[in-house]
Amino acid sequence: MENQKNEARSQAKKRLQALLKAAIGGVVVAAATLATPSAEASIAPALGKTSLEERVRDMRVAQTTAANQAELSETLLAWGNWGNHWHNWHNWHNWHNWHNW
Amino acid sequence: MNAVTTARLTEPGPLDLLVLQPTPFCNINCSYCYLPDRRSRKQISSEVLDRVFDQVFTSGLVRQPFTVVWHAGEPLVLPPRFYEKAFALLAALNVNKVSVAHSFQTNATLIDDDWCQFIRAHDLRIGVSVDGPAFLHDRFRKTYSGQGTFARVLEGMQRLREYKIPFHVISVLTRASLDYPDELFDFYVGLGSDRVGFNVEEIEGPNTTSSLNAVDARPMLTRFLSRFYDLAERANPPIHVREFDSARAALLAPPGVSPPPDQQNTPMAIVSVDCDGNFSTFSPELLGLPSTHYDGFALGNILTDSLADAVKSPRLMAIERDIRAGVERCKATCSYFNYCGGGAPVNKYFENGSFDSSETMFCRMSRQAVVDVVLHKLERSPVGVQ
């Protein structure tokens, strides 16, 4: 008896899936597209220390395999030297390297 | 004031930034300004300047090159000859010939040929405060009669370009800005300015509210930053955005490397002196703002008190202890601590009511949202060295 019920449910589910694919699939796809967050909207705040640390660790691993590692460690980190400074002044410490007018 | 421990929590200095207020007066009247006294036409005296430079060089705080920022009022309302004398005064007292850079953060409305010649002659570093195209800039950056200042700012920046004087731009982001990343980007490209810093509208001193202090502001800012990041990265020549550069450097720092101590959390890394000679440290905005808890933030007056004594003063120790406790609180509770370093004291005090506190709106907007965006971008593509 129970097996028959399960079989009926399974059949009903298959019919529904077929119906969705054939008839109203477009609507489903459209709804799914609308529901998919944009690139910007998917930038969620970090929810916990572990989560953020794990993401940063994984990103670093991926970045260190990039070919531009030497540039990364020198140029890019040098540009970041202003960090943790008073924001009402620019604090770009490599100012004198900049004469690109 | 609470009981004070006598143990030094953080080594004072070295001096990194000397913020001097030549005058509190500003010729314009931005609605979000944190300066309470910007209509006053007072001017710093040569006696105060002489004492400041003398004390700075004899205090033991000068252990590396440092920058003098002429700020906290519009510095260009005083004429070039005022600065000519001030620079000479400093040079005469700089017996060890420490490298000192002079910098101006200006609204650019007063820049003319004389100023450009002076700036070039002294290799001054110039930052221009401009909030984007006229429809954004003129909402907040107005004259005392309520007129927009954009046209005059543009004229000033044009003059700088004619003289081939490099300058960076600092723009305050308000809620009104966040729908216009493309317009802001086009504006900077049109200026030819390839260094941009974004300041969020802050709650501090007389500015007791912020248009960004709302639940939907962070996703709005995130969208703005994400779009601007993409535009800046594709730009040719590239545009350096201070916030992105910093976040990238923090996120890509080798594992185990601690965030550098925040300049604003280190006693005497910044020394701020107002035009009357009152001096303070930590966040420069604190000087001149009221505090019943510490009986003000000024540590003394340069005409009667010494910087060396101020370093040991009970007031500094009390403020320092509370700031340090706040940083420890950040370290214990905030997932972004490794990419920040402990937040800005002035924002903690005026948003949370205490230095001994952690997250602020300023943190969420100026650090957390930026880290979210930059991490998201780095996760999706190898870093592009701009």
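This is a predicted model: local features need pLDDT of at least 70, side-chain atom pairs count only at pLDDT 80 or more; totals for chains, interfaces and linings use all residues.
How many bridges join β2(B) to strand β3 of chain B? Five bridges do, and the two strands run parallel; the views below show where they sit.

View 1. Residues are numbered from 1 along each chain as its sequence is written, while chains are lettered from A and ligands numbered from 1 in the order in which they are written. The average pLDDT (the predictor's confidence in each residue, from 0 to 100) of chain B is 90, and 94% of the residues score at least 70. Chain B has twelve helices and ten strands; helices (H or I, at least four residues) and strands (E, at least two) are DSSP runs, numbered from the N terminus. The radius of gyration of chain B is 21 Å, which agrees with the value near 21 Å for a compact globule of 386 residues. That radius is taken over C-alpha atoms, and the globule rule is 2.2 Å times the number of residues to the power 0.38.

**View 2. The open sheet of chain B.** Ten strands line up in the order β7-β6-β5-β4-β3-β2-β1-β8-β9-β10, with mixed pairing. Its edge strands, β7 (240-241) and β10 (300-301), each pair on one side only. Two strands count as paired if DSSP finds at least two bridges between them. Strand β9 (residues 278-281) and β10(B) are antiparallel over two bridges, with F279(B) partnered by G300(B).

View 3. Strand β1 (residues 17-20) runs parallel to β2(B) over four bridges, and V19(B) stands opposite V69(B). The chain passes from β1(B) through helix α1 (residues 46-58) to β2(B) in a right-handed β-α-β crossover. Right-handed means that, with the strands pointing away from the viewer, the path from the first strand over the helix to the second runs clockwise. On the β3(B) side, W70(B) has F104(B) as its bridge partner.

**View 4. Strand β5, covered on both faces.** F167(B), V169(B), S171(B) and L173(B) on one side and H168(B), I170(B) and V172(B) on the other are all buried. β5(B) runs parallel to strand β4 (residues 125-129) over four bridges, and I126(B) stands opposite F167(B). Five bridges pair β5(B) with strand β6 (residues 195-200), also in the parallel sense.

**View 5. The largest nonpolar core.** This core has 121 residues, and those with the most contacts inside it are L18(B), L251(B), V271(B) and V374(B). A nonpolar core is a set of buried Ala, Val, Leu, Ile, Met, Phe, Trp, Tyr and Cys residues joined through C-beta atoms within 7 Å. Helix α12 (residues 361-380) of chain B gives the most, with eleven residues. Among the residues that L251(B) touches are V56(A), M59(A) and V374(B); contact means C-beta atoms, placed from the backbone, within 7 Å.

Notes:
A residue is buried if 20 or more other C-beta atoms lie within 10 Å of its own, exposed if 12 or fewer, and partly exposed in between; C-beta atoms are placed from the backbone. Two residues are in contact if their C-beta atoms, placed from the backbone, lie within 7 Å. Lists of a residue's contacts leave out its neighbours within four places in sequence.
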